[in-house]
Amino acid sequence: MSARDLLLKGGQIIDPSTGLNTIGDLLLRDGKVESAGDRIGTPDGAEVIDCTGLVVSPGFIDVHCHLREPGREDVETIATGARAAAAGGITAVCAMPNTDPVTDNQAAVGFVLKQGRAADSARVYPIGAISIGQNGERLAEFGEMVGAGAVAVSDDGKPVVSSQLMRTALEYARAFNIPVADHCEDPTLAAGGAMNEGIVSARLGLRGIPAEAEEIMAIRDILLARLTGGHVHLCHMSTKGSIELIRWGKERGIRVTAEACPHHLSLTEDCVEGYDTHAKMNPPLRTMADVEAVREGVRDGTIDVLATDHAPHHNDEKARAFADAPNGIVGLETALAVNITWLVKPGILSLATLIERMSCAPAKLFGLPGGSLARGTLGDVTVFDPTRSWKVDPAGFRTKGRNTPYGGQTLTGRAVCTVVGGRVVYREA
Amino acid sequence: MTSPLGKDLLGLEKLTAEQIGLILDTAEPLKEISERTIKKVPTLRGATIVNLFFEASTRTRISFEFAEKRMSADTVNVASAGSSISKGETLVDTARNLEAMKIDMVVIRHNSSGAAQFLAERIESNVINAGDGTHEHPTQGLLDLLTLRQRWGSLKGRKVCICGDVLHSRVARSNIWGLQKLGAEVAVCGPRSLLPSAIGEMGVTVFDRIEQAIEWADALNVLRLQLERMEGGYIPSLREYNRVFGVTRERLDRAPKEILIMHPGPMNRGVEIDSDVADGPHSVILDQVTNGVAVRMAVLYLLAGNSPRLAEAAKGGV
Amino acid sequence: MTPSRSVVLNARALERTLARMADEIVEQNDGTDDLVLVGIQRRGVHVAQRIAAVIAAREGVEVPRGALDITLYRDDLQTVGPRPIVGRTDIPMAIEGKSVVIVDDVLFTGRTVRAALNELADFGRPARVRLAVVIDRGGRELPIQPDVVGKYVEAQAGARVDVFVLEQDGRDEVVLETEPVA
């Protein structure tokens, strides 16, 4: 708890959860929102930050990142990941359970929470595994993990291959009111694939992953959500077909929610040209038609949430022949800028909708505190400059990972100040 | 002081028709060297070439080795079995070690697409791709072009059909780009399960039946069908493959014109090609092998020359 | 300033020179027995053919001819820019025990002849090898002497001497171009 009040003065306060969009002041007291919008005098002893020309919004929440601890602390720790998040304007992250060992029991969940608190930066919420060891066989103990602080379950990194197991997970999760997040990939169709299947993969001689590998699992999960009434959350949707399927499910009132990631909104399979392993991720970068469809999905709400799928890897592991390199890129520190550059600047999303997808919706869908500046809400706030241009320099990242396809690019939009529980955890130097 | 091909030969897709023409024009007179009693010219004296084979290969490695030796280069063969490659050394470390040993050229065969480019970006030496995964095998493509050009004079307007497992074939890709650049019409024929799904976007005609391909083509380049493809479930059986897609004498006899038959080897006789076709009068398969050495000599000759260290040695020598 | 250009031999003079060279070659060889002419690509090949034609007319003997491309035997390959085009080497007869005359258009540093000698040695061991050139312009960098010379030309290091032949250049002419004086 913060002893001093914090006054964010004169910014454009945008809070889609309350419909607020005004120039004014935001006062945080005792770690909570005290008042938002009204111009107020500075309370005695309050810390004041001038937010003139900046946007003040409820803190961004990333429901999908890989913090690598325990197991690969050389690549990322919960602390470095949390600080990277804060530097990207993200006040809370959900850590995927595909660590070593897997976060598949209450003790492991407790460890992630403990490390998150010790990091003393962005909040870290654990996601528990669906199956023990993420082996896709036996259900993990959802109840105990939720009791220990897990906010969702997922076998991310791998799909839940067995439809029966997925059905059971969706049914069982209902008791705890948590989403079951699935990495949609038909493993037999995608087997050995290194990039999107198409003309580029044909030319480069790389094994392709067809869009259908994602779409088959997406529709299976949607149908299982219909069958069970459970809440399925589809991770990192990347194809035009997936967007259409999710839209179909939502139209029928099925409890399906979905996320998209900055790279699938900004880059295409052409980035793989030259065998650049920074363009290797799963799901792979797709075609321009897919990118446009996913953007439209974000715009019309078919995609509920913008997440990062932040996945740091060691440079040595990325410095390999394309097929041998691991999947994934870092994203915590570039997500806001990529989203602004490719969604807000071209006029696809308003700033308010961007904030809704990056803050309000994730809080609501994952049942997390925050995502709002209503009085009495958790004092997690992001202050950002939506017009600032900056050049991405991976060497300056707070994450240990340097694996980004955006290195050297000039992006627009940058977090200036990140506030967690009424306390500044990041402030631009 | 750059070579007309640039530093490396990684694939035919990025070469111009002029560059390909230069390689073929250079290869022609080099064929004579292999006819001499003393099959050797001093051109690459003092140059060190490493043949780095991460994947088993007999004919390509031997062909390169002959080419190198006939140009008087010093060669070292590194094969994956028994070397540090098999001990998990990364490609990066291999590259750094090679660089530290002051070599001039590397011929690399690797099972990953893009491996040659990966190496080329990390070392100063010239890199020649001797086959990377399912991407390209440029010297094979070049020797195929040379073989056809010797028969036809020009490839313009000629029809060449690549038959078989195009999906997994680096030879197919190098052939498609090379043939198209030299003005030939290119088709592919094989079961759709062995063709890339985006094959239509590569500017080639697709024949589902070998009979159609034979009716259309001036030459067939018959690819090797890896036995693993059956185990991988791409085709039901080799027997059926031969019956439906095999290039057989009976099928060729029905062709409206003479068709040249090529095969990059090693052949699975009785699977993708029958023996009496492979050994028949229209087979140019052995010409391909002969041309392979000449084309590789040409590539070595054309790539050499932007090595500063060799330039120094040359000044001090002779 | 433009370089100065002077004709060393015109078409008629070149014809006479080649005829005299043919005579000298036959004379030095004491007839045409075992005589082989090997031209250096590209103009040396044409010169050798002209000389062979003169010999055929005067002696009634077709002297065997060959062609050498010395590109692959050059000692400066690593320092020259774009790779020189490789020409055709064609030695259609055994040269073992023969009296070979290497024929070239211009003799300058001697490096081309050195390369030709090396290449020739890869085809066998002639009884003797002579050198016939249309122009000797001096400036040797190796201990090489011609046996038959069409004409000696005093040319400075920076000057060019070009032998043009009908077959390749559309005209017969020998031209000296000197560098402009600064």
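Buried area is the accessible area, taken with a 1.4 Å probe, that two parts lose on being put together, summed over both. Keep that in mind for the stops below. The model you have open is predicted.

**Stop 1: the two domains of chain A**

Select residues 6–56 and 378–427 of chain A and colour them as domain 1. Then select 59–365, which is domain 2. The C-alpha centres of these two domains of chain A are 25 Å apart. Between them, domain 1 and domain 2 of chain A bury about 3,200 Å². Carbon and sulfur atoms carry 65% of that area.

Next, select by contact. On one side you get 37 residues of domain 1 of chain A, and on the other 48 residues of domain 2 of chain A.

**Stop 2**

Go to Asp120(A) and Arg423(A), which form a salt bridge. Their closest N and O atoms are 2.7 Å apart.

Switch to cartoon view. On the domain 1 side of this contact in chain A, the elements that give two or more residues are β1 (6–15), β16 (381–391), β17 (410–420) and β18 (423–427). Pick out β17(A): it gives the most, with eight residues.

**Stop 3: where chain A meets chain B**

Bring chain B into view. The contact takes 17 residues from chain A and 23 residues from chain B. Chains A and B bury about 1,400 Å² between them, with 52% of it on carbon and sulfur atoms.

Which three residues supply more than any other three of the area that chain A buries against chain B? Select Ile199(A), Arg203(A) and Tyr275(A), which supply 34%.

One salt bridge is found across the interface of chain A and chain B. Nine residue pairs are in polar contact across the A and B interface, both residues of each at pLDDT 80 or more. By class, the chain A side that touches chain B has eight nonpolar, three polar and six charged residues.

**Stop 4: the third chain**

Two pairs of chains touch, and the pair with the most contacts is B and C. Chain A and chain C do not touch, their nearest C-alpha atoms being 26 Å apart.

**Stop 5**

Most residues other than glycine have a negative phi, and most peptide bonds are trans.

- Select Asp100(A) and Pro101(A). The peptide bond from one to the other is cis, with omega near 5°. Pro101(A) lies in the loop between β7 (90–95) and α2 (106–119) of chain A.
- Select Gly265(B) and Pro266(B). A cis peptide bond joins them, with omega about -10°. Pro266(B) sits in the loop between β9 (260–262) and α11 (275–278) of chain B.
- Select Arg68(A). Its phi is positive, near 70°. Look for Arg68(A) in the loop between β6 (60–65) and α1 (78–87) of chain A. Arg68(A) is buried, at 14% relative accessible area.
- Select Asp30(C). Its phi is also positive, about 60°. The loop between α1 (11–29) and β2 (35–40) of chain C holds Asp30(C). Asp30(C) is exposed, with a relative accessible area of 71%.

**Stop 6: a residue in a strand of chain C**

Finish on Val175(C), in strand β8 (residues 173–178) of chain C. Is Val175(C) buried or exposed? Its relative accessibility is 2%, so Val175(C) counts as buried, the cut-off being under 20%.

Show what surrounds Val175(C). Beyond its neighbours within four places in sequence, its contacts include Arg5(C), Val7(C), Val161(C) and Phe164(C). Then select Pro126(C). It is 49 residues from Val175(C) along the chain, and their C-alpha atoms are separated by 34 Å.

Methods. Residues numbered from 1 in each chain as written. Chains lettered and ligands numbered in written order. Predicted model: local features only at pLDDT ≥ 70, side-chain atom pairs only at ≥ 80, totals over all residues. Heavy atoms only, no water. Domains from an automatic or database assignment. Contact = heavy atoms within 4.5 Å. Salt bridge = Lys/Arg side-chain N within 4 Å of Asp/Glu carboxyl O. Helix = DSSP H or I, 4+ residues; strand = E, 2+ residues; numbered from the N terminus. Polar contact = N/O pair within 3.5 Å; in protein donor to acceptor, adjacent residues only side chain to side chain. Nonpolar A, V, L, I, M, F, W, Y, C, P; charged D, E, K, R; others polar. Buried < 20%, exposed > 50% of the residue type's maximum accessible area, 1.4 Å probe, protein only.
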